[in-house]
Amino acid sequence: MDDKHQHSAKHLHQNGYNCAQAFLCSYKDELFIDEKTLFRLAEGIGRGVAGLEEMCCIPILMAMITSYLETSDGNLKVPQSKLRSYACAKCLAMDFKEKIGSLKCQDILEENKKRNNRCCTDVIQIGTKILDECLKGE
């Protein structure tokens with residue numbers, strides 16, 4: 001499997017992007033949105049959305065990306081795809097929770113401290129792997 005998103009997200013996160021920015025910007029080519037715009041869009045949802053350490057931003061961004069690329073019909077007059085988008089997003093979130101241990105940023109940060117071998121960069125990379133498998137249909 002091509003792991004370009006994992007490498008890109010790791011590089012961006014290690015160079016000062018917050019977790020949300022690193023994750024979202026690593027998909028700029030698939031989204032056809034420039035990196036600066038994605039960077040600006042994601043800035044406020046890092047560290048558990050607005051720094052509150054509540055819901056991790058990675059499952060939120062996975063839901064947004066799959067809705068945009070795969071599940072939303074984009075029908076503004078008669079939207080009919082939301083149940084399909086919810087189902088896909090739920091599946092991604094549950095897969096993330098299974099692999100990471102929680103959907104809550106604070107819990108993830110605590111677990112990272114307990115495991116000296118895991119950091120948020122690792123969590124971001126796991127998220128890209130989950131999303132890539134979904135988008136690839138694995």
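K4 is partly exposed, with a relative accessible area of 34%, where buried means under 20% relative accessible area, exposed over 50% and partly exposed in between, for a 1.4 Å probe and protein chains only. The structure is a predicted model, in which local features need pLDDT of at least 70 and side-chain atom pairs count only at pLDDT 80 or more, whereas totals for chains, interfaces and linings use all residues. Residues are numbered from 1 along each chain as its sequence is written, and side-chain values use heavy atoms, with hydrogens and water left out.

Side chains of opposite charge can pair when their charged atoms come close. A salt bridge is taken here as a side-chain nitrogen of Lys or Arg within 4 Å of a carboxyl oxygen of Asp or Glu, and the structure holds eight salt bridges. One of them joins D29 to K4, with the closest N and O atoms 3.7 Å apart; because D29 lies in helix α3 (residues 28-31) and K4 in helix α1, this pair ties together parts that are 25 residues apart in sequence. Helices (H or I, at least four residues) and strands (E, at least two) are DSSP runs, numbered from the N terminus. D29 is itself partly exposed, at a relative accessible area of 46%.

K4 also forms a salt bridge with E30, for which the closest N and O atoms are 3.2 Å apart. This pair likewise links distant parts of the chain, with E30 in helix α3 and K4 in helix α1, 26 residues apart. E30 is partly exposed, its relative accessible area being 24%.

A further salt bridge is formed by the side chains of R47 and E53, at 2.9 Å from N to O. Of these two residues, R47 counts as partly exposed at 44% relative accessibility, while E53 is buried, with a relative accessible area of 19%. Through shared partners, salt bridges join K4, D29 and E30 into one network.

A nonpolar core is a set of buried Ala, Val, Leu, Ile, Met, Phe, Trp, Tyr and Cys residues joined through side-chain atoms within 4.5 Å. The largest such core has 30 residues, of which F23, I58, M62 and F96 touch the most other members. Two or more residues are given to this core by each of α1 (4-14), α2 (19-25), α4 (35-42), α5 (57-71), α6 (82-100) and α8 (120-136), and α2 gives the most, with six residues. With contact meaning heavy atoms within 4.5 Å, M62 touches F23, L92, F96, G127, I130 and L131, not counting residues up to four places away in sequence.
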